[in-house]
Amino acid sequence: MKDPANKWIKVALFNFFLAALLGGTLRFAFVNEIKWLSYKTFQEAHEHLALLGWTYQALFAFFLATFIPSEKRLQKKYNILFWCNQILVILITLNFIIAGFNITANVLRTLFSFAGFYFIYSLIKDTPGSE
């Protein structure tokens, strides 16, 4: 099985690009009014995409590639966890753009947190010498 860490880094970089587009749009909104843009909701989407979609996902790939042996890193759970996180990042970003903070945002961020807790647990458990 091919190591998915390279693909994960590419996805994290794509999220960085999207966060930069949102940030650029926010900067442009200072120069020229964009009537359809709700600055606050775009800012929230930008923040969450940058932190969860770019930083967290890049660290996810880095920690797995650095600390976990390949036979454990290739387990399905890490690939499923990464893509579940990515889907949650997309949903969180879209929710913030459309509605800002609401119950849906809180539920999605809570699910992302649970996935993060499971990742940390798995990372500690699968690190060599942690038995």
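A residue counts as buried when its relative accessible area is under 20%. The model used here is predicted.

**Exercise 1.** List the buried residues of helix H4 and find what they pack against.

Solution. Start with the extent of the helix: H4 covers residues 76–99, which is 24 residues. From its first C-alpha to its last H4 reaches 34 Å, close to the 34 Å expected at 1.5 Å a residue. Next, apply the cut-off along H4: the buried residues are Lys 77, Tyr 78, Leu 81, Phe 82, Asn 85, Gln 86, Leu 88, Val 89, Ile 92, Thr 93, Asn 95 and Phe 96. These buried residues pack against H1, H2, helix H3 (70–73) and helix H5 (103–126). Last, look past the end of the helix: Gly 100 follows H4 and has a positive phi, near 75°.

**Exercise 2.** Decide whether Thr 41 is buried or exposed.

Solution. Locate Thr 41 in helix H2, residues 39–67. Its relative accessible area is 11%, so Thr 41 is buried. Then check its contacts: leaving out residues up to four places away in sequence, Thr 41 touches Phe 96, Ile 97, Ala 99 and Gly 100.

**Exercise 3.** Describe how H1 packs with H2.

Solution. Two packed helices are described by the angle between their axes and the distance between the axes. For helix H1 (residues 5–31) and H2, the angle is about 160° and the axes are 8 Å apart. An angle over 145 degrees counts as roughly antiparallel, so H1 is roughly antiparallel to H2. The contact of H1 with H2 involves 23 nonpolar, seven polar and no charged residues. The crossing of H1 past H2 is left-handed.

Key: Residues are numbered from 1 along each chain as its sequence is written. This is a predicted model: local features need pLDDT of at least 70, side-chain atom pairs count only at pLDDT 80 or more; totals for chains, interfaces and linings use all residues. Side-chain values use heavy atoms; hydrogens and water are left out. Helices (H or I, at least four residues) and strands (E, at least two) are DSSP runs, numbered from the N terminus. Buried means under 20% relative accessible area, exposed over 50%, partly exposed in between (1.4 Å probe, protein chains only). Contact means heavy atoms within 4.5 Å. Axes are lines fitted to C-alpha atoms, for helices over the stretch in contact, and angles run from 0 to 180 degrees between N-to-C directions. Angles under 35 degrees count as roughly parallel, over 145 as roughly antiparallel, 65 to 115 as roughly perpendicular and the rest as oblique. A crossing is left-handed if the near helix is turned anticlockwise from the far one by less than a right angle, and right-handed if clockwise. Ala, Val, Leu, Ile, Met, Phe, Trp, Tyr, Cys and Pro count as nonpolar, Asp, Glu, Lys and Arg as charged, and the others, Gly among them, as polar. The expected span of a helix is 1.5 Å times one less than its number of residues.
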